[in-house]
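Hello,

Here is the structure I promised to hand over. Please have a look at it first, and then read on for what I found in it.

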Amino acid sequence: MESAKQPVDPPKKRRIGVLTSGGDAPGMNGAVRAVVRMALHSDCEAYAVFEGYEGLVNGGNMIRQMHWEDVRGWLSRGGTLIGSARSMAFRERAGRLRAAKNMILRGIDALVVCGGDGSLTGADVFRAEWPTLLSDLIAAGELTEEQVQPYKVLNIVGLVGSIDNDMSGTDATIGCYSSLTRICDAVDDVFDTAFSHQRGFVIEVMGRHCGWLALMSAISTGADWLFIPEIPPRDGWEDDMCSIITKNRKERGKRRTIVIVAEGAQDRQLNKISSSKIKDILTQRLGLDTRTTVLGHTQRGGAACAYDRWLSTLQGVEAVRAVLEMTPTSPSPVITIRENKIMRTPLMEAVQATKDVTAKIHAKDFAAAMTLRDAEFKEYYHAYLNTATPDHPKMILPEGKKMRIAIIHVGAPAGGMNQATRAAVAYCLTRGHTPIAIHNGFPGLCRHHADKPVSSVREVRWLESDSWVNEGGSDIGTNRSLPSEDMEGTAKCFELYKFDALFVVGGFEAFTAVSQLRKAREKYDAFKIPLVVLPATISNNVPGTEYSLGSDTCLNTLIDFCDAIRQSASSSRRRVFVIETQGGKSGYIATTAGLAVGAVAVYIPEEGIDIKMLSRDIDFLRDNFIRDKGANRAGKIILRNECASSTYTTQVIADMIKEEAKGRFESRSAVPGHFQQGGKPSPMDRVRALRMSIKCMQHLESYAGKSRDAIAADPLSAAVIGVKGSQVLFSPMGGADGLEETETDWARRRPKSEFWLELQDVVNVLSGRSTARAVDTWTIYESM
C-alpha cells in the first residue's frame, strides 16, 4: 500500500477513472476509448484501472494515466484491453478502504464502471460508503483531513457490459449483439450440414438467468423449438416439442431441425433441461439423427459488431457528460438505450429490477418474471411463437376478417427484406389471411401478372418463405420503378387480384410509391386499401424513421472492409485510406461507420466539401503523423459519401493528400461499392424485421371490414412504420401534418431533419479533428 505521507495536491484538472469488471464483452474497449478521449476533450485527465476492482484495491501501476494515443485502434479489438477480474477483496470493507485510499492518492473522484449488475452494485455500494471510508482512513492515520478535503464526493456512472443483455431498463447492453452475431454465424453454418443429412441440431447458448440470446438467435435462425429460463415449457413439453418438429418435417417438408437452448433452461419445477437430454429425446422418440453443439466462450470472443461499437462509443461519451453534470445528491446513473435514444437511468433501480427477475424465476412466478422483462422481450417471444409453430387455432380469424395481403419490394435490395416478408407470410398464415407476393416490383405486377405457367403475382406457401430466414437481398425481386409509370394498369391489377391491403418493403422509392398510390385514390378506388411502408434501405433515408432494415447489415460489412484496410494502412505506418461509402444524398452510413471505425474525418452531402476543409484536414493529418513517430496502428481512415461533392471525388481527395504530404506520408483510395449491400443480414436486421413486419400486419388487419371510403379517410391508412427516439410508431403520410408535407426533402431524397447529424460532432471529437478545425469557415451550399 502506498505511503500515507505522500503529498497529494488537488489536481488542476478533474480526474476520471474507468474500469471494466465481470465477464468481458465485445465493445468494452470502445467504451474505454470513448471515456478516455471524451474526458481529455472535456479538459479532464483520464485514468484506467487495470484488472477491474482488483486494480483499484491494489493500486500502484494498476491505476495508470491514459493519453489520447494510448487508446488508438481499440475499437476493433475484442475483450477488454485493461483487463477484468472478479475481486474478492473489494467485496470486503477492508478492500474498499484500500481502494478509496488509492483513488485519493491519485486524485480521482469519479469512476465510470463497465460491467454487469454485480459490478454496478459494487460501484454503488462504494459510493454510498465513500464518506465513512474517508472518515475511517483519517481516523486510522492513513490520510489527513487536507488530503481528503477535495474528494468528499465520489461520482459513479455505470455502463452495462454484458453479452447476456440481462439488465432491466435498457434494450441492449454492450456486447450482446456481437455475441448474437457469433451464434447466428455458427447456426447458419450448421444449416448446410443439417439440410444435407436431414439432421437435427441442439444448439446451447449462454444465458444463465436471461434468455435474450436464445430468443433472438431462435428468431434469427428460424429455430423449431426454444428453451429460455423466463418461461419454462409446460409439463409434457417433450410431447409438444416432438409433435411440432414432426409436423414441420412431415407436413411442411423441412429437412433440418434446429433447437436453441439457453444454458439456464429449466422446467417448471426448476429442474435443468440440458442440451444432451433434448438430443436424447429427439433421437429416441423420433429416430432423428441429432447432434449437440455447445458454443461456449466463442460467444464472447472476437471484434465488436457495428452496433456494439456505436453503442459503446456513444454511451462512453454520455458517461463523461453525466460525470460532469452530477451533483452530490444525484443518484448514480447507468447509461441505457431505448430503441435509438441514449438515456440515463437510476443505477440501483435498474439493478434491483434485474435481480427481481431472477428472484421471480426462483420462486416459480414465471408470469411475473416475464412481466419484469422489457415489453420488447415479451413482444419478441410471442412473435416467435406465432410464426415458428404451425398450429394456433385460437388465432384464426373469422371469414369476414380474413384479408388478401399483397407484399411488394421497391427500391435497391437491403438486408432484412426477405426476413420481413417471411415474418409477414408466417403471421398471415397463422391468422388465416392470404399472403400474395408481387414478384419484381410494380413492373412485374403490370407486365407479368398474366404470364404462364408462372404469374408474377402468387400466393406464398410456408415452406417457400421459411428458407428466407437468413438470406440476403430480395428473393421475390425488387427494382426502383414506380406505379406512376402505369397507374391505370396498376389499379386494374389491384382489382383483378382483389388486394385488401398492401405491404411495401423498401427505401425512398417505396415511400414515393405509396405516396403516389395514396394521391391516386381520388381517381382509382382500387387504392382505397390500407398501405404501409416498412423502411428497408442501406441509406436509412426514409422519412418517419431513424432506422431502416439493411442499414445495420451494411454497417457491419463496411466496418469489416475498413478494418482490413486499416490493417494495410497501419502496416505501412504512414498511410491514409480515403474510402467511398454509398448512401445517396444521406450521410448516415458514412457518419455511423466513421463512429464505428474511428475515422479521422467523414465527408457527407449535408456538410459538403470545400478547399479550406481539405486544407485543414491535411494539416491535421500532417500533425498526427509527426506525433506518431512510427507508432503501431498508425494507419488513418477517411470516409467520403459518394455524393459529398461532385468536384472533390474520392480519388481527387486521395491525390491531394498525397501531393500535399510531400513524401511524409502517402494516401490511397478504396471503393467497396455494392459490397456494402452485404451478404447474409445481420441479427439486428433479422429480429427487427420480424418485430416490425408483424406490427405492420396487425396495423393492416385493423382495417378489415371497413368500407373503402372509410379507409381512405383515415390518415393512417397510408403510413410508415418507424423508430423515433425511444418509440416504434406509425406516421401518416398524407395530410397537413403528414410525412410528405412536413418531413420530406423530396429534392434530396431524405428527411428534412436527420437525427444522426449530431454524431458528426462525436466523430470529430473522438478523432481530435474538432480541436483542429478553425473557427472561421466558408459557408457550404449543397448542390441540388
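Let me begin with Thr170, which sits in the loop between S5 and H6; helices (H or I, at least four residues) and strands (E, at least two) are DSSP runs, numbered from the N terminus. Please note that this is a predicted model, in which local features need pLDDT of at least 70 and side-chain atom pairs count only at pLDDT 80 or more, while totals for chains, interfaces and linings use all residues. Residues are numbered from 1 along each chain as its sequence is written, and side-chain values use heavy atoms, with hydrogens and water left out.

Thr170 is buried, with a relative accessible area of 1% (buried means under 20% relative accessible area, exposed over 50%, partly exposed in between, with a 1.4 Å probe and protein chains only). Leaving aside neighbours within four places in sequence, Thr170 is in contact with Asn165, Thr336, Ile337 and Asp374, where contact means heavy atoms within 4.5 Å. The C-alpha atoms of Thr170 and Val202 are separated by 29 Å, the two residues being 32 apart along the chain.

The loop between S5 and helix H6 (176–197) also holds Asp164, where UniProt places the feature "active site" in an unreviewed entry. UniProt positions are given in the numbering used here, feature names are shortened, and annotations may be inferred rather than shown by experiment. Asp164 is buried too, at a relative accessible area of 17%. Apart from neighbours within four places in sequence, Asp164 touches Met206, Gly207, Cys210, Trp212 and Leu213.

Now to the sheet that S5 belongs to. Its 7 strands form an open sheet with mixed pairing, in the order S3-S2-S1-S4-S5-S10-S11; two strands pair if DSSP finds at least two bridges between them. Strand S3 (63–66) and strand S11 (341–346) stand at the edges with a single partner strand each, so one side of each is left without a neighbour in the sheet. From one strand to the next the twist averages 30° (axes are lines fitted to C-alpha atoms, for helices over the stretch in contact, and angles run from 0 to 180 degrees between N-to-C directions). Strands S4 (residues 110–115) and S5 (residues 155–160) run parallel and are joined by 6 bridges, with Ala110 opposite Asn155 in S5. Helix H4 (residues 117–139) packs on the sheet, where it touches S4, S5 and strand S10 (333–338), and its direction makes about 175° with that of S5. Helix H11 (residues 347–362) lies across S5, S10 and S11, at about 85° to S11.

What about the nonpolar cores? A nonpolar core is a set of buried Ala, Val, Leu, Ile, Met, Phe, Trp, Tyr and Cys residues joined through side-chain atoms within 4.5 Å. The largest has 142 residues, and Tyr177, Ile260 and Phe503 have the most contacts inside it. Helix H10 (residues 306–325) gives the most to this core, with 10 residues. A second, separate core of 34 residues includes Tyr53, Val57, Val148 and Val160.

Finally, the chain as a whole. The secondary structure comes to 27 helices and 24 strands. Of the 784 residues, 62% count as buried, and the C-alpha trace spans about 90 × 70 × 50 Å along its principal axes. According to the unreviewed UniProt entry, the annotation "domain: Phosphofructokinase" covers residues 15–322 and 404–700.

Best wishes
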